[in-house]
Amino acid sequence: MSSASAAIATTPAAGRGSWAFWGRLLVVPYLVVFVVFVLFPVGYGLWLARSPASYGKLFADPIFFRSAINTVIFLAVAINLKMVVALYLSGFFLHTRWWIKALAVLFILPWAVPSIPTILSVRFMLNPEWGVINSTYFRLTGLDGPNWLNDPTLALTFAMLMHIWKSLPFWTLILLAGRMAIPAEQYEAASVDGASSWQKFRFITWPSMRGLYLTCTLLSTIWTLGDFNSVYLLTGGGPADLTHVLATLGIRYLRLDQIDLAMASIVVSLPLVLPIVYFMMKRLSK
């Protein structure tokens, strides 16, 4: 028996009761924060969305179905493209050349800077009249550039690119850490056996990174589903509310003073979020 275990075993019952009291007391502030900022808002939101009539009106709104389709497209394209590129770049930044290290510092900047001024700056650049892109295009060709954010397809595409550009450095760093944990001896042995770069990735890198890659993809799905800034700050849901996703649809209903529909639009995304959260937590618990 260790000295700590012996000390605990010889501690009087009154002393152990005192420690238990202080332990419970120190947990109280965390419970208060959890109840006030998590449990109460979630419960109040579910209470506002309790009426079945709210879901009837929500499903009858064509903007809701357009937003649901946009959300599926946003998740399918942005997450897969972002994670594949992050996996590739994690191998690139694994090299130790000085210019790659310098480039890595610049690469992290989009993730490090605040989202709101960054996205608003991009929106200004895409302005059809005085934006940097169209102004440069006019000086070079003498022609007016397109109205980038007035086309639903282009606007949603730029929103996805904005999301990828902002979050790509973070996932690249996570996957880079995973690559660095792979023993270098495995690659050295593969080189001696004459393995190509693709064979090293297929038989060494990917088997070692597969679990991390899947966990990052699940976590990225949850965060992307709740990404409000990339769409709302860039397009505002326009044109004609055709680029809304479920994360921004609630704001549309709040602006129309339809709080019950705003809450209902959030609740309908829970069947997608909860299984992902459960599956991810089950993987992490292993």
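**Exercise 1. Classify the accessibility of the two residues in the Lys57–Asp260 pair, and describe the contact between them.**

Lys57 counts as partly exposed because its relative accessibility is 47%, where buried means under 20% relative accessible area, exposed over 50%, and partly exposed in between, with a 1.4 Å probe and protein chains only. Asp260, at 23% relative accessibility, also counts as partly exposed. This is a predicted model, in which local features need pLDDT of at least 70 and side-chain atom pairs count only at pLDDT 80 or more, while totals for chains, interfaces and linings use all residues. Residues are numbered from 1 along each chain as its sequence is written, and side-chain values use heavy atoms, with hydrogens and water left out.

The side chains of Lys57 and Asp260 form a salt bridge with an N to O distance of 3.4 Å, a salt bridge being a side-chain nitrogen of Lys or Arg within 4 Å of a carboxyl oxygen of Asp or Glu. Lys57 belongs to helix α3 (residues 52–60) and Asp260 to helix α13 (residues 259–267), so that distant parts of the chain, 203 residues apart, are linked by this pair, helices (H or I, at least four residues) and strands (E, at least two) being DSSP runs numbered from the N terminus.

**Exercise 2. Which residues are linked in a network of salt bridges, and how many salt bridges are counted?**

Start with Arg252 and Asp61, which form a salt bridge whose closest N and O atoms are 3.1 Å apart. Because Arg252 lies in helix α12 (residues 246–255) and Asp61 in the loop between α3 and α4 (62–92), the pair ties together parts that are 191 residues apart in sequence. Both Arg252 and Asp61 are buried.

Next, Asp241 and Arg252 meet through their side chains in a salt bridge at 3.0 Å, N to O. Asp241 is placed in the loop between α11 (229–235) and α12, eleven residues from Arg252 in helix α12. With 26% relative accessibility Asp241 is partly exposed, whereas Arg252 is buried at a relative accessible area of 16%.

The network therefore consists of Asp61, Asp241 and Arg252, and the count comes to three salt bridges.

**Exercise 3. Determine which residues of helix α14 are buried and against which helix they pack.**

Helix α14 (residues 270–285) has 16 residues, and its span from first to last C-alpha is 22 Å, close to the 22 Å expected at 1.5 Å a residue, that is, 1.5 Å times one less than its number of residues. Its buried residues are Val273, Ile276 and Met280. These fall within an arc of 70° when seen down the axis of α14, so they line one face of the helix, the arc being that of the directions from the helix axis to the C-beta atoms. Pro271, Leu274, Tyr278 and Ser285 are exposed on the other side of α14. The buried residues pack against α10 (197–225), contact meaning heavy atoms within 4.5 Å.

**Exercise 4. Classify the ring pair Phe92–Phe93, and name the aromatic cluster that includes these residues.**

The model has 16 aromatic pairs, counted for rings of Phe, Tyr and Trp (its six-membered ring) with centres within 6.5 Å, planes under 30 degrees apart being stacked, over 60 edge-to-face and the rest tilted. For Phe92 and Phe93 the centres are 5.1 Å apart and the planes at 75°, so the pair is edge-to-face. Phe92 is partly exposed, at 23% relative accessible area, and Phe93 is buried, at 12%. The cluster is formed by Phe92, Phe93, Trp99 and Phe107.
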